[in-house]
Amino acid sequence: MKKFSRFRRALLVNGLLAPAMGAVSLGTRAQSAAPVLHGSDLTHAALLRDTALAARLPFELMASLVNEVGPRAAGTPGDAKAVQWAVANLTRLGFSNVRAEPVPLVAWQRGATSGAVTGTNGRELVVTGLGNTVGTPEAGIEAEVVYYADFMALRGDTSDRARGRIVFIDEKITRTRDGSGYSRGILSRISGAVEASRRGALAVAIRSLGTDADRIAHTGALRYDPQVASIPAVAVSVPDADWIAERAGKGEPLRMRLLMARTSRIQAMSNNVIAEIPGTDLAGEIVLIGAHLDSWDITPGAQDDAAGVGIVTAAAHAILNGKQKPRRTIRVVLFANEENGFDGAHAYAARYKDTPHQLVGESDFGAGRIWRIRSRVREAALPAITAMADLLRPLGIAAEGNEGSAGPDAAVLMRTNNWPAIDLTQDGTNYFDIHHTVADTIDKVNPGDMAQNAAAWATVAWIAAQADVAFGPIAPRR
């Protein structure tokens, strides 16, 4: 109790907590006397945090989804099995209003793919088709390789050197805790095929967006432009990319052969899976904590995003078992098809656009420890965010301002409906070693790190549910 007493004294000193059974107040800083949080809610939040921190449920749920379902690309039998798994487990855990809400989508199906550098001292390559790629002609494509050190080198090329060739983009990503290295490199995957096609290329191959040194290829979505021809696109493993770069650097001629069976895009159906802890006096307002249920077809998806499913489900379960009902309804949403279109997020945003949402957030950056909290709420709600940050500090989490966003699906909701959002940033230092690959397996996940995540999400969800101030709507981003 001494530790929590020090926590209460810190809040009193900062003007966030009224004495005894009072409430956190905005005080003169926000020019309002409206109460924000009661001391009993802070006490309960700390209890939820510590209870969740000791639980193994996040890891158990993640492992169950991976072992019992495996790969679950949207619109596939694996995806349908994942929906059944989610409904069954959320019901088993005692949540209310468990349901699967249909999400129509266009599902992409890959064909078998191979690649090689041909000729003297050639090499078979480890490759994978990028999501949404078209296939090659039945006989494949073989052509000279034209090398670009990165995406911007391709974009800036006004010559004719790519015409009739296979473009290779050697975009390297750096290892960073916040994922910014990946963010800076992602255009090679998303837009490389379009830029190559504009210059008359027959196909494009990119260095995998990975920080590993293993002969595994990283998939991920690309986007075509209907104004230019769609050409085949593959990712090459990092060691193979290094080998190609070395030969290109020596001026050696390179020819590549790509063979990809015809891919297809079909009308399909998936589901958002939803479960709730009903609120009391503010039950019509929603605190949403989410993850995405799907994965790419080539990966078990342990960190992306079975981990997120386990984390937010366990966080909500800690609240459900906490013997106090939240004021607002806490809703767990497991989104459909985050990987290749955000169909679940868009469907949810449209369906619930008239339902007040107090806060939206998503766990979708692996299973590393959370190290910072960033919010996107209106100014009057900042004292509640400060209270969250104070409660999260013992977990090693630092506050970094009100210019945050949210995980990918939750960010769609934030932008579409101007709902307030929270970002609990996980440590992504090693995440891109296995991201979108066959190596995204259970053995890469630390149960203690997952428990820390669940503890943080339980704390945030409870404080948002109990606050006497609306967190939004927020002003649209310009």
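**Fold and a buried alanine**

Visitor: How many helices and strands are there in the protein?
Guide: Helices (H or I, at least four residues) and strands (E, at least two) are DSSP runs, numbered from the N terminus. On that count the protein has 13 helices and 18 strands.

Visitor: Why is the protein called as compact as a globular protein of that length?
Guide: The globule rule is 2.2 Å times the number of residues to the power 0.38, and the radius of gyration is taken over C-alpha atoms. For 478 residues the rule gives 23 Å, so the protein is as compact as a globular protein of that length, with a radius of gyration close to that value, 24 Å.

Visitor: How far can I trust the details, and how is the numbering done?
Guide: This is a predicted model, where local features need pLDDT of at least 70, side-chain atom pairs count only at pLDDT 80 or more, and totals for chains, interfaces and linings use all residues. Side-chain values use heavy atoms, leaving out hydrogens and water, and residues are numbered from 1 along each chain as its sequence is written.

Visitor: Is Ala461 buried or exposed?
Guide: Ala461 sits in helix 13, residues 447-466. Buried means under 20% relative accessible area, exposed over 50%, partly exposed in between (1.4 Å probe, protein chains only). Ala461 has 0% relative accessibility, so Ala461 counts as buried.

Visitor: Which residues is Ala461 in contact with, leaving aside neighbours within four places in sequence?
Guide: Contact means heavy atoms within 4.5 Å. With those neighbours set aside, the partners of Ala461 are Val287, Ile289, Ile319 and Ile330.
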